[in-house]
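Subject: Structure for you to look at

Hello,

Here is the structure I promised to pass on. Please open it first, then read my notes below.

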Number of protein chains: 2
Amino acid sequence: MGVYVSLIHYPVYNREKKVVATSLTTLDIHDIARSSRTYGVKGYYLVQPIENHLWLARKLLSFWQKGHGKEYNPKRWEALKLVKAVPGIEDAIADIEKLEGKKPYIVATSAKRYDRAVSFETLRSKIEMENAPFLICFGTGWGLTEEFIESSDFVLEPVCGPTDYNHLSVRSAASIILDRLFGLR
Amino acid sequence: MGVYVSLIHYPVYNREKKVVATSLTTLDIHDIARSSRTYGVKGYYLVQPIENHLWLARKLLSFWQKGHGKEYNPKRWEALKLVKAVPGIEDAIADIEKLEGKKPYIVATSAKRYDRAVSFETLRSKIEMENAPFLICFGTGWGLTEEFIESSDFVLEPVCGPTDYNHLSVRSAASIILDRLFGLR
C-alpha cells in the first residue's frame, strides 16, 4: 500500500510554545510536492484549518490541477496533482481510508529525540512489510504538539548532521526524510 | 579544510535553455543557510550579479548579521551568519582562498547524469582526504550551464528517488545532498 505525507498547520507550536495554526507558505506546497513526486509518495495533504488560507491553497491548486498550470509547466503539474488541501488531519485520514480501504498508520516527525522513536531503517522495513498505508506528518512553525506526537503510531528519529544544530526548514526536513526512506543509493 | 556551498543565480539556464541571471528568492537564503549550519558547512555564498537583487540580499543579511535578527531569532542568526552575497563565483573562490590559503575544488551539481560524475561516497572520501577546501555549487532556474559544469573539478551524481521524476527544488536538492554527504546515520 501507499505512503502519504501531510504538512500540518494545526496543531503546532509557535515560538512561545503556544498551540497555534500557522500561515500558508506557498513554497511549502511546491517543494514538498516535488519531493513527494520524486520519492513515489501517493498523496500530499496540506492540513490548514484557517478558512481563507485553505481557500487560497485550493485556489492555487486549482490553477495547477484544472487551470493553465499543466501547459505552463507540465513537470510542476505532475507534482502538484498529488496535493489536496483539507481543514483537519482527520480529513486526510478519512480520504486515505477511502482510497486504500484501510486507515493509515500515523508517523510523527520531530527535531527532538523521543524514547520511543523508530530509526529510518525500522520505518522503511515496516512500510515494506505492513499491509497498510502510512501517513508521514510534518509540522510547520515550531513543530507538532506533544499531544499529536503521543497519539501517533510511530515517531521517527530526528535528522542529524555532525553539529548540534537542529533547525532545518520543514521543506528541507521533509525532503531529507523522504530521501532517507526512499532514495536510491 | 572546510566545505563551502554556493547558490548560483548566474550563469544558469531558464526554461528555454537560454543563459540568464535568475531572481533572488529569499527562502533560498534561509533554507540553505539552515541546512549548511546543520551539516557543518563553513560558508554559503549567494552568487547574484543583478545589482539591486544583490543589494536586497545584503540588506536582508545585514538585518540578521548586524541588526536585530540575533535577538529576534538567535537560531536563525546562527545559520545566516554563514552567508555572504557576492556578484560572481570568482568572488566566492577568492574569498575562500583568502580564508583557507588554498583555492577550493569546484563541485558542480546537476539533475542530469554526466559520464564523469562522481558518487556521493567518492566525493565524501575526497573531501576527507584532500588537503584543500571544496565549494559545492547549486544552480537556480533550470540548472548550471554546460560550460560551468565542464569547467568544474567534479560533477556530483544526481539525487535519485525510485521514480523517473527529477525536478526537486534547489532548496530540497541542496539539503538532500548535504545530508547524503555529511548526515549521521
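Chain A has 185 residues, and a compact globule of that length would have a radius of gyration near 16 Å. Chain A has 16 Å, so the two agree. Keep in mind that this is a predicted model.

More on chain A. Along the principal axes, its C-alpha atoms fill a box of roughly 45 × 40 × 35 Å. Of its 185 residues, 57% count as buried. Take the contacts with a separation of 6 or more: 79% of them join residues 24 or more positions apart.

The accessible surface of chain A is about 8500 Å². Carbon and sulfur atoms make up 51% of that surface. Chain A carries 25 positive and 22 negative charges. As for secondary structure, chain A has eight helices and eight strands.

Now to chain B and its sheet. Six strands make up an open, parallel sheet there. The order is β5-β4-β1-β7-β6-β8. Which strands stand at the edges? They are β5 (83-86) and β8 (154-155) of chain B. Each has a single partner strand, so one side of each is left without a neighbour in the sheet.

For β8(B), the partner is β6 of chain B, residues 105-108. The two pair in the parallel sense over two bridges. One residue pair to find on screen: V107(B) has F154(B), in β8(B), as its bridge partner.

Best wishes

Definitions and conventions
Residues are numbered from 1 along each chain as its sequence is written. Chains are lettered from A and ligands numbered from 1 in the order in which they are written. This is a predicted model: local features need pLDDT of at least 70, side-chain atom pairs count only at pLDDT 80 or more; totals for chains, interfaces and linings use all residues. Side-chain values use heavy atoms; hydrogens and water are left out. Helices (H or I, at least four residues) and strands (E, at least two) are DSSP runs, numbered from the N terminus. The radius of gyration is taken over C-alpha atoms; the globule rule is 2.2 Å times the number of residues to the power 0.38. Buried means under 20% relative accessible area, exposed over 50%, partly exposed in between (1.4 Å probe, protein chains only). Contact means heavy atoms within 4.5 Å. Accessible areas come from the Shrake-Rupley method with a 1.4 Å probe; for residues, only the protein chains shown count as cover. Lys and Arg count as positive and Asp and Glu as negative; His and the chain ends are not counted. The place of a charge is taken as NZ of Lys, CZ of Arg, CG of Asp or CD of Glu. Two strands pair if DSSP finds at least two bridges between them.
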